[in-house]
Amino acid sequence: MKGAKMKRVIIVLVFLGILKPIQIHSQNADHYKDKGKEFYASGKYKEALTNFLKYAELAPKDWYPYNRLGWTYYYLRKYQDAINNFNTSNIIKKSYGNYQGLGRCYDALEDYEHSLQNYLKYAKLHTDNSDSWRPHNSLGWAYFNLQMYYDAMEE
């Protein structure tokens, strides 16, 4: 049977209840975002990475997939990849979460000058009062690591 004729036959068979429609997963960005978030939440970072990469491929102008990739790479201890993705995310939209991630990456690399620079931006952009202590805690440790003890005590 030719393609168009086959489609008509399938439609008729589905309509008559003889053939059940096949459920096909949507290949849209939200599907990969949701799957990535599920894997990420359960600590399955390699699986999360696969889904977030596809998410970024399908939504390249959205800042969020790059943020998620940054955090996933961070937990996989691939700090340079994390830094690259947090920076890409910030090019699209500045986010305090990107600066928090950048600070943590630079901490892990023991580059405390860069961690301090990013934690300062994190504190400036962070406006959520429910956890307003977080950026100051990070800043305190950055100052401490730079042996700037007076500044550390101020945070």
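Me: Which hand is the crossing where α4 passes α5?
Reply: α4 passes α5 in a left-handed crossing, a crossing being left-handed if the near helix is turned anticlockwise from the far one by less than a right angle, and right-handed if clockwise. Helices (H or I, at least four residues) and strands (E, at least two) are DSSP runs here, numbered from the N terminus. This is a predicted model, in which local features need pLDDT of at least 70 and side-chain atom pairs count only at pLDDT 80 or more, while totals for chains, interfaces and linings use all residues. Residues are numbered from 1 along each chain as its sequence is written, and side-chain values use heavy atoms, with hydrogens and water left out.

Me: At what angle do α4 and α5 pack, and how far apart are their axes?
Reply: The angle is about 165 degrees and the axes are 7 Å apart, where axes are lines fitted to C-alpha atoms, for helices over the stretch in contact, and angles run from 0 to 180 degrees between N-to-C directions. α4 is therefore roughly antiparallel to α5, given that angles under 35 degrees count as roughly parallel, over 145 as roughly antiparallel, 65 to 115 as roughly perpendicular and the rest as oblique.

Me: Which residues in α4 and α5 meet?
Reply: From α4 there are Tyr66, Asn67, Leu69, Gly70, Trp71, Tyr73 and Tyr74, and they meet Tyr79, Asp81, Ala82, Asn85, Phe86, Thr88, Ser89 and Ile92 in α5, contact meaning heavy atoms within 4.5 Å. Those residues divide into 9 nonpolar, 5 polar and 1 charged, where Ala, Val, Leu, Ile, Met, Phe, Trp, Tyr, Cys and Pro count as nonpolar, Asp, Glu, Lys and Arg as charged, and the others, Gly among them, as polar.

Me: Switching to α7 and α8, how close do their axes come?
Reply: The axes of α7 and α8 come within 9 Å and cross at roughly 160 degrees, which means that α7 is roughly antiparallel to α8. The contact is made by Tyr112, Ser115, Leu116, Tyr119, Leu120, Tyr122 and Ala123 of α7, with Arg134, Pro135, Ser138, Leu139, Ala142, Tyr143 and Asn145 on the α8 side. By type, the residues of this contact divide into 10 nonpolar, 3 polar and 1 charged.

Me: And the overall fold, how many helices and strands?
Reply: The protein has 9 helices and 0 strands. Of its 155 residues, 34% are buried, with buried meaning under 20% relative accessible area, exposed over 50%, and partly exposed in between (1.4 Å probe, protein chains only).

Me: Which residues touch the most other members of the largest nonpolar core?
Reply: Leu69 and Cys105 do, in a core of 29 residues; a nonpolar core is a set of buried Ala, Val, Leu, Ile, Met, Phe, Trp, Tyr and Cys residues joined through side-chain atoms within 4.5 Å. The elements giving two or more residues to this core are α2 (29–41), α3 (45–58), α4 (64–75), α5 (79–92), α6 (96–108), α7 (112–125) and α8 (133–145). Not counting residues up to four places away in sequence, Cys105 touches Tyr74, Tyr79, Ala82, Ile83 and Phe86.

Me: What about Gln100, buried or exposed?
Reply: Gln100 has a relative accessible area of 13%, so it counts as buried. Gln100 sits in helix α6 and, leaving aside its neighbours within four places in sequence, is in contact with Trp71, Tyr119 and Tyr122.

Me: Then Pro65, what does it touch?
Reply: Pro65, in helix α4, touches Phe52, Tyr55, Ala56 and Ala59, again not counting residues up to four places away in sequence. Pro65 is buried, with a relative accessible area of 0%.

Me: Back to the backbone, where is phi of Arg77?
Reply: Phi of Arg77 is near 60 degrees, a positive value in a residue other than glycine. Most residues other than glycine have a negative phi. Arg77 lies in the loop between α4 and α5 and is exposed, with a relative accessible area of 65%. Gln147 likewise has a positive phi, near 60 degrees; Gln147 belongs to the loop between α8 and α9 (149–154) and is exposed at 59% relative accessibility.

Me: Last one, where is Asn28?
Reply: Asn28 is in the loop between α1 (3–15) and α2, and counts as partly exposed at 36% relative accessibility. The C-alpha atoms of Asn28 and Tyr55 are separated by 8.0 Å, although the two residues are 27 residues apart along the chain.
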